[in-house]
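Take a look at the chain below.

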Amino acid sequence: MFEITEIENIFKSHSNPTRAEKMSAYMRNKFDFYGIGAGERKELSKPFLSDEKKAKSINWQLLTDLFSHNFRELNYLGMDILKNQRYLLTIADFDSLVGLAQIRPWWDTIDNIDGVIGGLSGKEGFEEKILDLAVNDNFWLRRIAIGHQRRFKNETDTDLLAKIIRANLDIPAKDKDEKFFIDKAIGWALREYAKTNPAWVKIFLSQETNRLSRLSAREAGKYL
């Protein structure tokens, strides 16, 4: 089992300050980066992913350490380990996943962990938990609820999707970031489902034409 300091030292040894500056700028300078490109990061991550995939239980402390790390590449490694271990998750882990999501949240981690949380769909108690998330004060958690079925295709629960979106149409945004990321999430969720069931999305858009933002409607109609 690898320790966080060992992982940190390996990633740090591959730092590229010039690239790091550009990567940080792309993320509005909200995070520090080592400057490791996606391909190189994937190679560096292989031994850690392989080691954790053999585990019979999730090392929540390691995940917390990785998600909390100052350098974004290690946040990504935590996300990759979590996705590799999703088969170990149960509904009892829902709150722990929500806890990870709230550590240094931004679209790059939120739009990955939503699928992991969505993997618990159908478990007893899931709908109640995801509906609670859909009206949470933290808009990143609401974005998770909106997008958790994005890859479900024919298995999408349209009643649940509509309920979550409509709940968010009634919550006023506190600032421009919140409005953008929620409106974008709504549009993205509808756009993805439109690839499977365009008729349903068209009906939903017609029903909510006066409440959906222009951004949401534009994104939703991209494939219609």
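Which residues does Lys83 touch, not counting residues up to four places away in sequence? Lys83 touches Asn112 and Val116, where contact means heavy atoms within 4.5 Å. Before going on, note that this is a predicted model, in which local features need pLDDT of at least 70 and side-chain atom pairs count only at pLDDT 80 or more, while totals for chains, interfaces and linings use all residues. Residues are numbered from 1 along each chain as its sequence is written, and side-chain values use heavy atoms, with hydrogens and water left out.

Lys83 is found in helix α5. Helices here are DSSP runs (H or I, at least four residues), numbered from the N terminus. Lys83 counts as partly exposed because its relative accessibility is 28%. The scale calls a residue buried under 20% relative accessible area, exposed over 50%, and partly exposed in between (1.4 Å probe, protein chains only). Now follow the chain to Ile113. Lys83 and Ile113 are 30 residues apart along the chain, yet 8.0 Å separates their C-alpha atoms.

Next, take the helices themselves. Two packed helices are described by the angle between their axes and the distance between the axes. Axes are lines fitted to C-alpha atoms, for helices over the stretch in contact, and angles run from 0 to 180 degrees between N-to-C directions. The axes of α5 and helix α7 (residues 107-118) cross at roughly 10 degrees and come within 10 Å. From α5, Arg72, Tyr76, Met79, Leu82 and Lys83 meet Asp108, Thr109, Asn112, Ile113 and Val116 in α7. By class, this contact of α5 with α7 has 5 nonpolar, 2 polar and 3 charged residues. Ala, Val, Leu, Ile, Met, Phe, Trp, Tyr, Cys and Pro count as nonpolar; Asp, Glu, Lys and Arg count as charged; the others, Gly among them, count as polar.

Together with α1 (4-12) and α4 (60-68), α5 is included in what covers the buried residues of α3. Those buried residues are Arg41, Leu44, Ser45, Phe48, Leu49 and Glu52. Helix α3 (residues 38-53) bends by about 45 degrees at Ser45, and the proline Pro47 follows within four residues. The bend at a residue is the angle between axes fitted to the seven residues ending there and the seven starting there.

Move on to helix α8. Phe126 lies in α8. Is Phe126 buried or exposed? Phe126 is buried, because its relative accessible area is 2%. Among the residues that Phe126 touches are Ile91, Phe94, Ile117 and His148.

Helix α8 (residues 126-134) also packs with helix α10 (residues 158-169), at an angle of about 25 degrees and with the axes 9 Å apart. That makes α8 roughly parallel to α10. Glu127, Ile130, Leu131 and Ala134 in α8 meet Leu160, Lys163, Ile164 and Asn168 in α10. The residues of this contact divide into 5 nonpolar, 1 polar and 2 charged.

One last pair remains. Helix α9 (residues 139-147) and helix α11 (residues 176-194) pack at about 5 degrees, with their axes 9 Å apart. The two helices, α9 and α11, are therefore roughly parallel to each other. The residues of the contact of α9 with α11 divide into 9 nonpolar, no polar and 5 charged.

Notes
Angles under 35 degrees count as roughly parallel, over 145 as roughly antiparallel, 65 to 115 as roughly perpendicular and the rest as oblique.
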